[in-house]
Amino acid sequence: MDFSLSNEQRNWQMTARKFAQEEIKPISLELDDKPDALGSFDWDIVEKGSKLGFRTLAVPKEFGGEGTDYVTQALVMAELARGDSAISKTFSQNWKWSHLISAACNAEQKERFLRPFVADHRFLLGKGITEPSAGSDNRLPPKDTPKAGLKLRAERKGDEWILNGEKCFIANAPVGKLFFIDARTDPNAPLRQGTTMFLVPSDTPGFRIGKVFNKSGWRFYRNGEMIFENARVPHANVVGQVGVSDMKASLAGDRTGGDLFGDLELAANALGVCDDACEQAMKHARTVKQGGVPLFEQQMVQLKINRMHMLTEALRSLVMRVAWEHDHKVHSANAGLAMNLSTDVIQEVTELNLEIHGGAGGTVARHAEKLVRDSFIWSHLAGDTVQRLKVAARIARMAAH
Ligand SMILES: Cc1cc2nc3c(=O)[nH]c(=O)nc-3n(C[C@H](O)[C@H](O)[C@H](O)COP(=O)(O)OP(=O)(O)OC[C@H]3O[C@@H](n4cnc5c(N)ncnc54)[C@H](O)[C@@H]3O)c2cc1C
C-alpha cells in the first residue's frame with residue numbers, strides 16, 4: 001500500500017495548514033470565549049475558506065467544485081482542525097452532504113441544488129435526523145416497531161408534502177441554506193420502511209429554526225432546533241424513493257456517500273486536534289521549568305508525551321488507510337473502527353496535554369482546556385459510543401462471508 005502523497009494532495013495539505021495557522025488559529029480562542037450561542041460564529045472565516053475551495057472540496061468538478069479524493073479531504077480536515085476543530089467541521093459538514101447529493105440525488109436535483117451551493121460562499125448544508133425523543137433510536141431501533149425512531153410526519157397533498165414536527169441538535173441549522181430531512185411517511189410501518197428523505201431549503205414556507213444550543217465544546221459549530229408547522233415541500237424534493245431513506249441504506253449496511261464519509265470525517269478531524277495537543281504539550285514541556293530543569297526532562301512527562309504521539313500516529317495510520325480504502329472502493333468496517341478509535345484517542349491525548357499544563361491547564365492555558373471540551377463532543381457524534389459498537393456486528397457479518 002503506497003501512502004506517499006501526490007503533488008496535488010500535498011498542495012491542498014499545505015494550503016490548509018497555512019490557512020489554519022494564519023486565519024483560523026488567531027480567532028479560535030476569541031470566538032470560543034463568546035458567551036452566547038450565536039456570537040461564536042463568524043461568516044468572514046467561512047467566506048475566506050470558501051474562496052480557497054474548502055467549502056466545496058467534495059463537489060464533483062463537473063458542478064464547479066474541487067472534486068478532490070478522500071485522501072485529500074482527510075488531509076485538509078486534519079490541517080483545518082489543528083487550527084480549530086469546530087471551524088474544520090463547519091467546512092467538512094458540507095462535504096458530507098455534498099457526497100450525499102452526489103450519491104442519492106437525481107440529475108435534476110443535482111443541477112438545482114449543487115450549482116447554487118457552489119456559487120454562494122455563505123451556502124451551508126445540514127441534515128436533520130435527531131428529534132427530542134429519538135436519537136439513538138434512529139440508528140439502533142430497539143425493535144422493528146413503528147413506535148421506535150423519528151416522528152416528524154410528512155403527508156402527501158397533491159404535488160406537495162406537508163411536514164409537521166421538530167428536530168434537535170441539527171448542525172448548521174441556524175446558518176444553513178439547504179437540509180436533508182428524514183420524515184415519517186408511513187407512521188404504521190417500522191422506521192426502516194416508513195421513512196423518506198426530503199431536500200428542504202431554509203426558506204420553505206412553514207419551516208423555521210427554534211433554539212440555538214449553547215454547547216460546552218465545538219462552540220463555533222452551530223446546532224439548532226428545526227420546527228416544521230405545515231411546512232410545504234414539493235414532491236420534486238423527495239430524495240430517491242418514498243419509503244427508502246438514506247437511513248434504510250445505512251441500517252442495511254449499504255452505506256451511501258454521506259454516511260460512509262461521516263466516520264472518516266470525524267476521525268480525521270480528531271487527528272488534527274491530537275496534532276495540536278502534541279504540539280502544545282511539547283511547547284509547554286520545553287519552556288516551563290520545575291526544579292530548575294525543563295518539564296521535558298522529567299521522565300513521567302516524557303512518558304506522557306510519548307503516549308500522546310504513539311496514539312496520534314496510530315490514529316493517523318488508520319485514518320489514511322480508511323481514506324485510501326474509500327478512494328479504492330474497498331469495503332471494510334475500518335471507517336467505523338477509525339471513528340471509535342478517534343473518540344478514545346482524542347479524549348486521552350487532550351487530557352494528557354491538560355495534565356502536562358498543570359494548574360495552568362484549567363486556568364490560563366485556555367488553549368489546552370478548549371481541546372478537552374471539544375474532545376468530549378465525540379462521545380455523541382454520528383450516533384454515540386454505545387451505538388458505534390454495532391461496528392463489531394458488521395465485522396462479524398463480514399467475517400461470516
Ligand atoms: C455536536 C453535535 C452535532 C450533532 N449534529 C447532528 C446533526 O447534524 N443531525 C442530527 O440529526 N443529529 C445531530 N446530532 C445528534 C446526535 O446524532 C445524537 O445526539 C446522538 O444520535 C445520540 O442521541 P441522543 O442525544 O438523543 O441520546 P439518547 O439516544 O437519548 O441516548 C442517551 C444515552 O442512552 C444510551 N442509549 C440509548 N439507547 C440505547 C440502547 N438501545 N442501548 C444502550 N444504550 C442506549 C446512549 O448510548 C446514550 O449514552 C448532533 C449531536 C451533537 C452533540
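What follows is a walk through some local features of the predicted model.

Some ground rules come with the model: residues are numbered from 1 along each chain as its sequence is written, and side-chain values use heavy atoms, with hydrogens and water left out. Since this is a predicted model, local features need pLDDT of at least 70 and side-chain atom pairs count only at pLDDT 80 or more, while totals for chains, interfaces and linings use all residues.

On confidence (pLDDT, the predictor's per-residue score from 0 to 100), the protein chain has a mean of 91, with 92% of its residues at 70 or more. Residues 248–257 are another story: pLDDT stays under 50 there. The model still has 21 contacts (heavy atoms within 4.5 Å) beyond four places in sequence for that stretch. Where pLDDT is low, the predicted coordinates should not be read in detail.

Helices (H or I, at least four residues) and strands (E, at least two) are DSSP runs, numbered from the N terminus. Helix 1 (residues 7–33) packs against helix 2 (residues 43–51) at an angle of about 170°, the axes being 11 Å apart. That makes the two helices roughly antiparallel, a label for angles over 145 degrees. The axes are lines fitted to C-alpha atoms over the stretch in contact, and angles run from 0 to 180 degrees between N-to-C directions. Phe 19, Glu 23, Ile 24 and Ile 27 from helix 1 meet Ile 45, Lys 48 and Gly 49 from helix 2.

Strand 5 (residues 195–201) is mostly covered, with 7 of its 7 residues buried, meaning under 20% relative accessible area with a 1.4 Å probe, protein chains only. Thr 195, Met 197, Leu 199 and Pro 201 point one way, and Thr 196, Phe 198 and Val 200 point the other. Strands pair if DSSP finds at least two bridges between them. Strand 5 pairs with strand 4 (residues 178–184) in the antiparallel sense over 7 bridges, and Leu 178 sits opposite Pro 201. Strand 5 is also joined by 2 bridges to strand 8 (residues 238–239), again antiparallel, with Val 238 as the bridge partner of Phe 198.

Lys 370, in helix 13 (residues 366–375), is buried at 4% relative accessible area. Leaving aside neighbours within four places in sequence, Lys 370 contacts Ser 28, Leu 29, Asp 32 and Asp 84. Lys 329 lies in the loop between helix 10 (299–327) and helix 11 (334–356) and counts as exposed (over 50%) at 69% relative accessibility. Lys 329 also has a positive phi of about 50° although it is not a glycine.

Methods:
Parallel < 35°, antiparallel > 145°, perpendicular 65-115°, else oblique.
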